[in-house]
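User: I would like to learn how to read helix packing and confidence in a model. Please start with a pair of helices.

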Amino acid sequence: MKIDRKNIFKRYTWLSEKKRPFIISNDYDGLICASFLSHHLNWNLVGYYDYNSIWLSKEAKKNKKDIIWVDLNILPKNGKSIGGHIVSIKGEVPVGFKTSCNANILAKVSSEDFNNKYPFSTLLLLLWLFNVQYKKDDIGKLFLLHSDNTWMKVQKYSKNISTWKNILDDYNWNQLFSNIDSIEYESKIDQYLYPKLIQIGASSKFGKLSSKYLNIKSRECKFNPDWDTDIILKLFDLFGYHLGWTPPKLPIISECINGKRYKISLDHIKKIGLNEFIKKNKIFSYAITSTTNINYTLFNSYHSNVKKT
């Protein structure tokens, strides 16, 4: 199948609106999406979410019905999000996701098709949606493809990558992915990108993947909005310098709401039904993270009657 951009913009009209307030995931992927959206759509960053806590500015609380959740999945019916996690089981899509632009929902990929899931980052979904081409083979490309370790996935999952290049047609993927499957590209990562990220504190842990030639372990960056403002600003500056994207204005956080994150087996969910499980537990967000488990978040401040399951 192929996904048509025009149909997406008709279905999710908010995607083309300017100056929308938005909240991002608390990691590198969320920050580079924030830079893109600030520069190309003039959207306003108003908070952060790490699947345990939500950091909100006064603007976020004032415009809570208009917020777009970026690189995230949230279930409230008024919520709108854009991302690429699997959220469907046996084709069952909860009502709360009907307003969300999710690559796997668009391609009808469920937990049963886990190995065929969307392999790129939310940033690349945005690049495709708005047909923003990046034609340079430079340091900027390293920053783009570091998002969600896309470059390693291009090396490792070539069959699925080819499938999704076809699904998300009418984009010059071959140019963007050129020379990734090479020692030369890995050397650039090893000698420039990773040392730069480590230098500014934007490498908090190793990821699960390793590169094809030099066996480089993937690196991830998660930040805490309470005390990592310097890391956020340094990354925005790097994106601005190498990609030419105007850095977002940092939100002034006025409140942090704490929730609790849980893990449960998919088999348990299948027995009672996804929608029934969500309704019973009043789940705020979730993602299917493997072939066997689902992670989900509750906010007891909103649902005081919810108990741990």
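Analyst: Helix 6 and helix 10 are roughly perpendicular to each other, a label for angles of 65 to 115 degrees. Helices here are DSSP runs (H or I, at least four residues), numbered from the N terminus. This is a predicted model: local features need pLDDT of at least 70, side-chain atom pairs count only at pLDDT 80 or more, and totals for chains, interfaces and linings use all residues. Residues are numbered from 1 along each chain as its sequence is written, and side-chain values use heavy atoms, without hydrogens and water.

User: How is such a packing described, and at what angle do the axes of helix 6 and helix 10 cross?

Analyst: Two packed helices are described by the angle between their axes and the distance between the axes. Axes are lines fitted to C-alpha atoms, for helices over the stretch in contact, with angles from 0 to 180 degrees between N-to-C directions. For helix 6 (residues 139-146) and helix 10 (residues 183-199), the axes cross at roughly 80 degrees and come within 10 Å.

User: Which residues of helix 6 and helix 10 meet?

Analyst: Contact means heavy atoms within 4.5 Å. Ile139, Lys141, Leu142, Phe143, Leu145 and His146 in helix 6 meet residues of helix 10 including Tyr185, Lys188 and Ile189.

User: What is the average pLDDT of the protein chain?

Analyst: pLDDT is the predictor's confidence in each residue, from 0 to 100. The protein chain averages 93, and 97% of the residues score at least 70. Over residues 302-309, pLDDT stays under 50.

User: Is helix 2 mostly covered or open?

Analyst: Buried means under 20% relative accessible area (1.4 Å probe, protein chains only). Helix 2 is mostly covered, with twelve of its 14 residues buried, among them Phe36 and Leu41. Asn42, with a positive phi near 60 degrees, follows helix 2.

Methods. Helix = DSSP H or I, 4+ residues; strand = E, 2+ residues; numbered from the N terminus. Parallel < 35°, antiparallel > 145°, perpendicular 65-115°, else oblique. Buried < 20%, exposed > 50% of the residue type's maximum accessible area, 1.4 Å probe, protein only.
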